Amino acid sequence: MNLGSSFVIPADASRVFDAFLDPDAMRASVPGCTELERIDDTHYRGRLVNEIAHVRFSAGFTAEITEVREPEEVRAVLKGEDHRLGSSIKIDATLSVRPEGAGSEVSYRMDVALWGKIGRLGESIVRRRSTEVERQFVAAFTRICTGQPPDEPGTARTERPSFWRRLLAVLRGKSA
Amino acid sequence: MTVDSPVGGVAVGERWARAGARAKVRGELRYAADEPVRPCHDVAVHRGTRPHARIAAIDVSRAAATDGVIAVVTGADLYAELGDRIYTGPAFADQPCLAVDKVRYVGEPVAAVIARSPGAARRAAEEIAVTYDDLPPVHDVDAAVEGGAYVHDELRPSAVFGDLKHLRGRRDTNVNYEYVLRTGDAEGATAAAAHTVRGDFWCPPTHHVPIELPYTAAWPEGDRIEVLSATQTPSYVRQSLADLLDLPLNRIRVRCAPLGGSFGAKMYDRLEPLAAALAWTYRVPVRVAATREEAFLLTTRHGAAVTGSMAADADGMLITADADVRYDTGAYADVGPRITAKSGMIATGPYAIANVGVRSRCVYTNKPSAGPFRGFGVPQVTWAHESLVDELAWERGEDPAAFRRRNLLREGDVAAMGTAMHSADFTACLDAVTEAIGWTGPLERGDGRWRRGKGVAVGIKAVLTPTISNATLQLNQDGSATLLISTVDMGQGSDTIMAQIAAEVLCLGEGRVRVVTADTDVTPYDTITAGSRSTYHTGNAVRLAAEKMRDRLTGLAAGHFGVAATDVKLTPDGLVSAQTQRTVGIADLLHAHFGARGTTLTTEADYSTSWTPYDKETGRSPAVTEHWFAGAAAVRLAVDTATGRVRVEHLAVAGDVGRAINPALVEQQLTGAAVMGLGHALFDQLVFDEGQIVNGTLLDYQLPSVRDMPDRITPIIVESPHRTGPFGAKGVGETAIIPLAPAVSNALRDAIGIRFTRLPLTPERVLTALQKGTA
């Protein structure tokens with residue numbers, strides 16, 4: 001599955017580019033990223049907790065930076081696995097940053113392979129969810145790049161539980 | 001032509017009610033999972049998440065610690081017990097029931113949990129953690145032909161098909177089998193042709209989607225193992241498990257139950273090797289019940305690419321055709337090599353063509369294994385040749401039906417693969433379907449949003465040969481009969497058909513013959529229930545057993561009457577002496593003979609067919625099959641040019657069945673196969689992304705619903721009796737599916753002027769083609 005899009009961040013390109021390689025900034029920006037640490041210059045390790053449709057996953061992942069052309073483009077391979085769900089993901093990602101007026105235009109292309117239960121959800125569901133995730137990411141990343149205080153790490157995705165979780169909570173007599 | 005003449009005429013040709021129909025409608029029929037067996041532990045499978053990878057490590061510690069778990073078993077555990085016997089398969093012994101060292105498709109079983117409840121098994125299976133070292137996968141069939149990444153290190157032919165043994169040990173290839181047919185001079189004839197058409201065609205992989213899900217229970221019983229399974233092939237499964245567990249055949253019992261549909265999905269090795277290996281190795285009773293999502297991973301229909309051409313001379317006679325066929329068999333060969341050959345040999349259709357070249361290959365890829373499916377690979381090649389021959393007619397400016405009719409094979413004609421035609425009346429089928437839809441009548445074509453068209457296609461298929469069937473018949477003292485065969489009734493109505501054949505010979509009425517459900521401890525060997533072979537093969541064994549019974553009865557009656565056996569005739573009223581005009585009923589005769597009530601008279605018979613293997617260089621054989629299936633489909637349809645949706649207004653299907661033992665069941669088979677074919681034409685396809693099925697649920701996988709049914713369906717029985725068929729009969733289960741998709745596509749070509757080469761003809765595909773003006 002190929003995913004790709006572009007968006008504008010109101011910050012200069014070098015700042016945006018640096019933020020992409022900063023594990024703290026990314027942990028605060030990527031929805032559901034609960035852990036992210038740099039192992040060495042080109043390797044990262046982390047955990048992503050998120051939800052696609054009705055399926056909640058918690059996947060440990062690694063990222064390897066395969067190519068960097070500062071401050072324009074970075075290529076990386078990400079691999080993740082949720083053993084409990086029997087699901088894994090591999091992403092070949094290319095991210096480009098170029099000046100756009102007073103800000104920067106960020107473009108990304110991802111060749112995504114999703115296997116197991118999450119993969120079986122199908123492209124249309126994953127694509128729709130990725131659009132939501134991108135929107136949340138851009139909002140959080142903009143805060144980081146513009147010097148505003150970030151959300152708590154790992155909370156970017158949790159602004160509102162899904163309808164079904166809220167309904168379940170109501171039925172169980174808990175606060176939604 | 002001579003055909004067996006029915007003596008009593010009480011059963012064959014009658015529309016007897018389907019055996020078990022009432023129980024099915026009332027929900028009282030017990031399928032395998034409903035059968036009471038001893039208490040079994042539940043098995044859940046942990047499945048791989050990589051299309052191609054080495055298994056670096058499997059951590060089962062958390063799974064083993066889960067409440068209710070009895071054992072967690074990996075492929076390595078079973079390999080330690082079974083060695084290379086863990087690899088099973090009908091053509092190649094290449095598939096382990098749990099992955100050993102490598103996974104080769106997303107969803108492959110990697111480990112199994114035996115637990116005291118389904119929930120515990122499932123929870124524990126989720127706790128298994130597997131570490132993989134990824135290998136380069138190959139998903140596309142043509143990329144797999146090119147090589148580079150190899151699904152298997154070497155080819156491992158099984159002991160089942162002896163003609164594949166020369167392939168043992170072949171390395172660095174994904175092509176596990178290749179069939180070549182050469183006759184005449186295809187290239188030279190093409191150069192001299194007046195009209196030539198070419199095309200690249202694609203049929204996607206599909207799934208069988210039987211309503212009943214796969215299920216197997218297995219348990220040790222002293223020094224034996226017993227298996228209850230939803231399978232079409234109990235005799236094969238017994239042999240396969242004997243090889244797997246290194247046990248003699250008499251220590252393995254495989255029981256069946258009526259199947260809730262199968263269409264090839266429950267054949268050969270499915271859940272049985274895993275269930276039997278766990279039960280035998282761990283000495284526990286187990287049951288494996290596949291979920292719907294798992295069923296999608298168990299087996300599929302081969303996706304197939306066909307590159308072909310056809311050419312005609314100035315008089316409109318076909319002079320040459322060629323086809324390059326690539327079957328995508330997925331990660332394991334299953335019966336793909338047989339499909340490759342049996343379909344390859346008729347890849348240029350039921351036409352008299354002097355110059356033919358076919359190359360048909362079976363190719364491994366990193367996808368779930370493809371296996372037998374109603375039609376055995378033939379619908380895929382028919383999609384190509386019936387599109388090509390149609391386009392050739394258009395190019396000549398000729399009526400497609402008339403063009404076909406002139407070129408179709410006739411009785412006695414020798415087809416390109418070297419075998420003569422008999423009891424395969426293609427022209428009668430073609431004429432019947434075209435007449436049914438009013439081919440030559442006016443057609444309101446429409447000039448606004450809706451456009452209309454008509455299309456026709458013809459199909460040919462060889463019956464599975466050689467095969468073996470046995471029948472044991474017990475005539476009870478009260479005049480009822482019990483028939484023991486290993487043919488499995490899966491909705492096709494074999495229990496009814498076989499009862500009618502026996503009843504016809506013995507002049508018994510409806511309901512007097514009961515067929516015993518297949519059980520290898522009880523019912524005799526039968527190769528398989530598949531490929532539309534049972535009516536002919538098992539039917540002949542039943543007929544012979546019944547004739548032996550008739551002869552024994554007439555002998556007993558002759559002694560009873562004190563006349564010669566030739567003087568006695570079996571009639572619906574009993575046994576009659578022509579000389580004395582005395583009559584004795586079966587009940588009285590057997591009571592007098594045995595001196596007791598409740599006794600049985602037993603006869604048995606076997607029926608085997610043979611073939612001449614095709615020449616390795618030319619692919620030709622003078623006797624490649626016992627008989628041919630001939631069928632045709634014609635369609636009148638309307639296309640919504642605003643949405644691309646196709647609505648079939650009238651669908652006619654015809655099949656030459658030799659002789660219809662039960663016309664009602666024949667019509668139901670023709671109709672059922674046609675509707676399934678309509679699904680393949682318009683909806684069905686497995687969608688893959690990086691080797692992952694992304695529509696493997698019934699929410700996502702499209703099947704024809706009642707709203708997609710044609711406005712009118714006309715099933716037509718054509719009877720061209722077979723000289724050795726039981727009462728002239730042949731099978732019919734696959735006949736109508738074969739020409740269905742091209743008939744629909746040809747009608748689309750007629751309606752909107754666009755030739756489609758890829759299936760299915762979804763609204764999106766049709767609409768896109770309408771916008772672009774081409775497919």
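Predicted model: local features only at pLDDT ≥ 70, side-chain atom pairs only at ≥ 80, totals over all residues.

Trainee: How are H7(B) and H8(B) oriented to each other?

Mentor: Residues are numbered from 1 along each chain as its sequence is written, while chains are lettered from A and ligands numbered from 1 in the order in which they are written. The axes (lines fitted to C-alpha atoms, for helices over the stretch in contact, with angles from 0 to 180 degrees between N-to-C directions) of helix H7 (residues 234-245) and helix H8 (residues 272-282) of chain B come within 10 Å and cross at roughly 45°. Angles under 35 degrees count as roughly parallel, over 145 as roughly antiparallel, 65 to 115 as roughly perpendicular and the rest as oblique, so H7(B) and H8(B) are oblique to each other.

Trainee: Which residues of H8(B) make the contact with H7(B)?

Mentor: Two residues are in contact if their C-beta atoms, placed from the backbone, lie within 7 Å. From H7(B) come B:Val237, B:Ser240, B:Leu241, B:Leu244 and B:Leu245, and from H8(B) come B:Glu272, B:Pro273, B:Ala276, B:Ala277 and B:Trp280.

Trainee: How many nonpolar residues does the contact of H7(B) with H8(B) have?

Mentor: Ala, Val, Leu, Ile, Met, Phe, Trp, Tyr, Cys and Pro count as nonpolar, Asp, Glu, Lys and Arg as charged, and the others, Gly among them, as polar. By these classes, the contact of H7(B) with H8(B) has one charged, one polar and eight nonpolar residues.

Trainee: How are H11(B) and H18(B) oriented to each other?

Mentor: Helix H11 (residues 378-396) and helix H18 (residues 740-752) of chain B have their axes 8 Å apart and pack at an angle of about 30°. Their crossing is right-handed. The residues of this contact divide into four nonpolar, four polar and three charged. By the angle, H11(B) and H18(B) are therefore roughly parallel to each other.

Trainee: Is B:Phe263 buried or exposed?

Mentor: A residue is buried if 20 or more other C-beta atoms lie within 10 Å of its own, exposed if 12 or fewer, and partly exposed in between. B:Phe263 lies in the loop between strand E13 (252-255) and H8 of chain B, and beyond its neighbours within four places in sequence it is in contact with B:His208, B:Pro210, B:Phe373 and B:Arg374. Because 27 C-beta neighbours lie inside 10 Å, B:Phe263 counts as buried.

Trainee: Which residue just after H13(B) takes a positive phi?

Mentor: In helix H13 (residues 426-436) of chain B, the buried residues include B:Phe426, B:Leu430 and B:Val433. Among the elements covering the buried residues of H13(B) are helix H12 (400-407) and strand E20 (450-462) of chain B. Just after H13(B), a positive phi of about 70° is taken by B:Gly438.

Trainee: Which element of chain A has the lowest mean pLDDT?

Mentor: Helices (H or I, at least four residues) and strands (E, at least two) are DSSP runs, numbered from the N terminus, and chain A comes to four helices and seven strands. Chain A averages a pLDDT of 85, with 89% of the residues scoring at least 70. Strand E2 (residues 33-38) of chain A has the highest mean, 93, and the lowest, 72, belongs to helix H4 (residues 163-171) of chain A.

Trainee: Which element gives the most to the side of chain A that touches chain B?

Mentor: In all, 15 residues of chain A are in contact with 17 residues of chain B. On the side of chain A, strand E6 (87-100) and strand E7 (103-116) are the elements that give two or more residues. The most, four residues, comes from E7(A).

Definitions and conventions. pLDDT = per-residue confidence, 0-100. Left-handed = near helix turned anticlockwise from the far one by under 90°.
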